[in-house]
Amino acid sequence: MKVYFIALLLTLWLPCMLYAQKDLEPISLTDESYDQLSKKQLAKVTGKIINANQEELSKIQIQYSIVNLIGTHQSKATIPVNADGTFEFRQTHNLPYQQVWFNLGDYDAYTCLYLHEDLELIFDLEKLKKNKVYMIGDGISFAGKDAEVNRQMNEYILFDKKNNPDFYKPLRKLDPKDPQFQQKLDSLFTIQRNTNTAFYKAYGTTCKPLIDAATNAQYTYRLLDYYMQNKINKEIGDGLLIPIYSISNEVSDYYRFLHYYTKYVLYPDNASRGDFVKVSDYITKTFPENYADILNLKFDDDDIQTQNTIYSTLLPKLKSAWAKDNLNIEIENLTAKQAKLKDILDSTPTESKQTPFGTLIKELPFDAALLLNNTKTGAELLQTIKAKYPNKLILLDIWATWCGPCLDQMPYSKKLHHQAKEAKLPVEFIYLCTDASSNQQKWINKVAELEQPGTHLFVANTVISELFTLFNRSGFPTYVVVKPNGEIDTKAISWMSAVTLENLKEMMK
């Protein structure tokens, strides 16, 4: 009986061990067979927070950023935790091993997820109160079909950080104008690949395709940046096309730079470079099918309506079913956003009227006023704003509709606006948007899309430039604080994400 029991255990244990040690054999997104062999459903993440009371659970807001192949580089989201400690979310696009940077609210629990089929997460709050967990550790556990990949990839991040500390700093310092750029780049990535090899020896090769592809993507996009800045025209097959098995930061950057390189270096006609249809036709003729589809997905515009027009025009040009399916998802999302914007803008007719520093053209239901600036100089605009809000703390946000970092910071400003209003603090949020490379309608649409409260002025770039000179600043976003006593502080805020309600109270002193 004892022998039989041991034999039974072995029959159950051995397949499990073999499965756990089995290397991934994914199909590259750029492989022509991907349509037939790819996953068919959106990956799902389910989770539970244990050893937490109701008050603790009610205060937790899970935040995550998912890396995209289509649209913005990353999309941020916040999801609530249910009363029983559970939560869940899904991919928005059907893509392989999509990278998600996941943060458990205010607790020191930060991990990197790779979504392919399904993943289950358990967070032990009792343990997380005592120890912070970065990527993987006691207090976070993985289960489900994607569990082993997530364990290994998080181990790899820690291994790379520990054993390759001198890689990223010199990599960031590499100057594409340096004649020895490629030699230095090759030297750095020899170190990186040696680190990868050491990891495989220590932890196994389960995730080797994902790690190698991400390393190659990072190397190639740096090389593409070098080629692009130096106008070096390379053949497409000259090491520029690499297989892709996951959607990570490195992969997203690789395709973005390959798109730019194609548009600004390879595309032969300077006069029609701004015509996305002609550039798309060139891409379709020049690249293998799946590469062409991905590069066509990288055309973008800051305006929702323009972006939807681009996608709808490109959809019939795509060859692969997976690319068409994902682009249709994006078109549906943009169409829904357009309808919402129309409702917002149509529901609030505003009579145009003059104010001290601009013409009021729109008041929106989320506590926002939109004005066209009519002051002639930066100094005049600043004086008018100070006079309009005496004895108040004024936060000036100088931004552009096309500025990614500006837009990334808006949700933090929005949250702070609501907190200040609830606390009844005398604070005014003033947003000065440049008209450079933008227009009035794009500005209105962007404010409505973000549902950003505050006073918004559309300002001539000549006036913005004068303000930059006054503040000794030169780029977007720029944040300036005008204190209740009239003192101007240009260093109080670097990023809105770092500003708290307590900070505002300090600034008012």
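Residues are numbered from 1 along each chain as its sequence is written, and side-chain values use heavy atoms, without hydrogens or water. Because the model is predicted, local features need pLDDT of at least 70 and side-chain atom pairs count only at pLDDT 80 or more, whereas totals for chains, interfaces and linings use all residues.

**The sheet**

Select β4, β1, β7 and β9, which form, in that order, an open sheet of 4 strands with mixed pairing. Strands here are DSSP runs of E with at least two residues, helices are runs of H or I with at least four, and both are numbered from the N terminus. Two strands pair if DSSP finds at least two bridges between them. Strands of a sheet pair through backbone hydrogen bonds, either parallel or antiparallel.

Next, colour β4 (86–90) and β9 (140–143): each has a single partner strand, so one side of each is left without a neighbour in the sheet. Direction ignored, neighbouring strands are turned by 20 degrees against each other on average.

Now select β1 (residues 44–50) and β7 (residues 118–124), which run parallel and are joined by 7 bridges. Within this pair, I49 stands opposite F123 in β7.

Axes are lines fitted to C-alpha atoms, for helices over the stretch in contact, and angles run from 0 to 180 degrees between N-to-C directions.

**The aromatic rings**

A search of the whole structure finds 28 aromatic pairs. Rings of Phe, Tyr and Trp (its six-membered ring) pair if their centres lie within 6.5 Å; planes under 30 degrees apart count as stacked, over 60 as edge-to-face and the rest as tilted.

Select F167 and F189: their ring centres are 5.1 Å apart and their planes stand at 90 degrees, so the pair is edge-to-face. F167 lies in the loop between α5 (147–163) and α6 (168–173), while F189 belongs to helix α7 (residues 181–203). F167 is buried at 1% relative accessible area, and F189 is buried at 0%; buried means under 20%, exposed over 50%, and partly exposed in between (1.4 Å probe, protein chains only).

Move to F257 and Y260, an edge-to-face pair with 6.3 Å centre to centre and 75 degrees between the planes. F257 is buried at 13%, whereas Y260 is partly exposed at 29%.

Finally, select Y64, F87, F89, F102 and F123, which form one aromatic cluster.
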